[in-house]
Amino acid sequence: MKNLCRLSGLFVFVMVLLTGCGFKDIDKRAFVVGIGIDKTEQNQEGYEVTLKVAFPSSGSEELGDQFELLSSKGSTIAEAIQLIKAKVSNELDFGHMKVIVLGEKVLSKDIGKTMDWFTRRRDIQQIALITIGKPDAKTILSIEPKGERLPSNKLFMFFDEAGTESPYVTTKFLYNLRRDLEERGIDGYLPIVQAEKDNFSITTMSVFKQGVDPLHLTKKETKLFNMLKKGYDKESIKVNAKDEFFMLAVDSLNTEYQIKQKQNQKISIEVIVDISGVIEESKVELKEGKLDKYNKLAEKVLTKDINKLLAKFQETKMDPVGFGLRYRATRSGTENEKWKAWKSLYPEAGINVRVNADITGTGIIE
Amino acid sequence: MSRYFYYLVILNMLANVVALVPRILIEERVNGVVTSLMIAIIITLIYCLVYTNSMLKFPGQGQPEIIKKYTPKWFASGYLFFIGILYFLGTWFVLLSFIDITKRFINPEMPALYISVLFLSIICLGALMKTEKTLYALEIIMIISLPLITGIFLKAFLNEHISWDAIRIVFTHTIEPPSNTSIGAGAYSLVGFYFISIYNRVLKNRVEGMGVWRIVLIGIAGTINIFTSLLVPIGMNGIDGAENYIYPWFSTADALRMEFGFIERVLYIFLLLYIGISMISATITCHIAMEHVRSVLPEIKWKEVKIVPVMMAILFSLATILGYFFLSQVQVYELAKMFFSLLLFAGAFSCAVLFYAVRRSKQK
């Protein structure tokens, strides 16, 4: 009898707790899978927010086109979302939002302010993928590629390395971008998704920091940067000399860099790249015995390219590789002093690139 | 040494993530935090050696019995009451943070009062159980959570996006004067051995002495744990970006990704594990607090039921709910800093008192 009393007491207690209405049914929710932020034309301050909302449904057929695009304008992102809420009958759920597309124009000047909404909200994944949309975010979200299983799935697959692994694609998560924006000594960078008819292509990227116009990289520079930063080893390098031309398929790649300081207070950035691979394609006949020569050739070409890229960063005072952070990590003193010193040292720093190439063969033919 | 003793020590190491310790350490990250942590670990290990060995001289007895037997009555009541209040405060901080975490990360629409009542009812009922039974609950939770939490820690360190340069910056500030708050916060993660003050009653005949090797083992585990809880949030969120997070570890868990795990967002797994850890941690500290305080209060019975512990549970629940509604997060954070520094001195005092009791017992 006593047990029964206790049990019923527990029962009543649990029932009291269940009166909340915090949880809404799945069919009363609208799952946002992607968000796009664009700048409005007329208003300087405002944003145009586009949400890609997927409809939950049973069955496993292709659902790539089962989505709705909702967009609204507002002076802040939160305000625009409020207005979008007025357009849908379901509760917007941001918990599954895996991709954030920023319009090209949003990127200029105050990117930190734009990202604030994303990092402050608790329901937005810190592992959401971020990319720049060209010509604008809305166009990217509205594309319906063929054979998509879920809305926006193709876009996720590009970035999260579960699908394709391309040397042009740079993966950037939300927390990662926020870190780069806050950190003194490294600048942010994002891949650019170009809209094509029924598809995307990702071949370039953009480097940016607070208060400065972004720096767009070319295809070749993007590839080189990914190689340096990510140690991306599934790529081919074009080696082009007077009478030799071949493509080097990279097997392994390792990049190291050091910041050295000489007596005269000037610093030099030493970059060492170890690369090994086989020759993938050639327009002239290659000799197995001449591998040493090919090594030299590859080293020369790569050294030149990397030097050029780093000089470009230095010229524009951008530092996406994180040399400044490395400088801070290897010096003592207060952080403000280090940062001040670095800012005056970086534009005059010497850059030494050393590439050690090791071509292991000419493929299965000579 | 009985495995239960290790559970108690490890429990507090894990629970520090909820108890605002990482945030305090991160705030001090460029002010000689490495030195502070080293000092904290050494001090606590000395306390651990003295305290545990002294407790083990009295097999089957808890701190209240020992203190009452060998010290004057006025001192014993004051001291035990004070220690009880300290344990209550420890529970209070864990609970306040976890109620806030639940509200922020799990369900912002649920009223804070419901969350508090839900947690408090579990903790108070748990704390009113027999000492031995709380240990069994602890074992179950540890067996489930420990491997998964270790996995998450490892996953964080092996993440390719972690910024090792940011972590290296912390070490460039090693040779700088340590601060009192970071020593206190660092020491808090290792204070699990104090729980033996009550659990000594049930660890009878299962426990031998506390040798040097065991201390070294606990020291290594503690060092790894406290540096993990400081460095991983810095590596994931950056040396300059880490300071803005209110619950650094929960934001860090959200930045981790298990592509082929059950759930891609590690945050939810982490939250689930930490509900368990913080509930059992609060239950155990609350139980110890009650045992201390009731030992100095007269036993009152009402219809065959001892009502003093129940009254304490109700009072504590009220204090928690009032604390949540009347104190801002900033105030709780400042109080926690003071509390951790206070614990350092209280630890020294406790060790001294117990040492005195051991000497008295030998004289008799």
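Residues are numbered from 1 along each chain as its sequence is written, while chains are lettered from A and ligands numbered from 1 in the order in which they are written. Because the model is predicted, local features need pLDDT of at least 70 and side-chain atom pairs count only at pLDDT 80 or more, whereas totals for chains, interfaces and linings use all residues. Helices (H or I, at least four residues) and strands (E, at least two) are DSSP runs, numbered from the N terminus.

In chain A, four strands make up an open sheet of mixed pairing, in the order E10-E11-E12-E13; two strands pair if DSSP finds at least two bridges between them. Strand E10 (236-240) and strand E13 (350-361) of chain A each have a single partner strand, so they stand at the edges, with one side of each left without a neighbour in the sheet. On average, neighbouring strands of this sheet are turned by 40 degrees against each other, direction ignored. Strand E12 (residues 267-282) of chain A runs parallel to E13(A), and eleven bridges join the two. Helix H9 (residues 323-330) of chain A packs on the sheet, where it touches strand E11 (245-261) and E12 of chain A. The direction of H9(A) makes about 40 degrees with that of E11(A), the axes being lines fitted to C-alpha atoms, for helices over the stretch in contact, and angles running from 0 to 180 degrees between N-to-C directions.

Elsewhere in chain A, helix H2 (residues 77-85) has as its buried residues Ile77(A), Ala80(A), Ile81(A) and Ile84(A). A residue is buried if 20 or more other C-beta atoms lie within 10 Å of its own, exposed if 12 or fewer, and partly exposed in between, with C-beta atoms placed from the backbone. What covers the buried residues of H2(A) includes strand E1 (29-39), strand E2 (47-54), strand E3 (67-74) and helix H3 (111-120) of chain A.

Between the chains, 27 residues of chain B are in contact with 24 residues of chain A, contact meaning that the C-beta atoms, placed from the backbone, lie within 7 Å. The largest share of the side of chain B that touches chain A comes from H8(B), with five residues.

Pro177(B) is exposed, because 8 other C-beta atoms lie within 10 Å.

Key: Contact = placed C-beta atoms within 7 Å.
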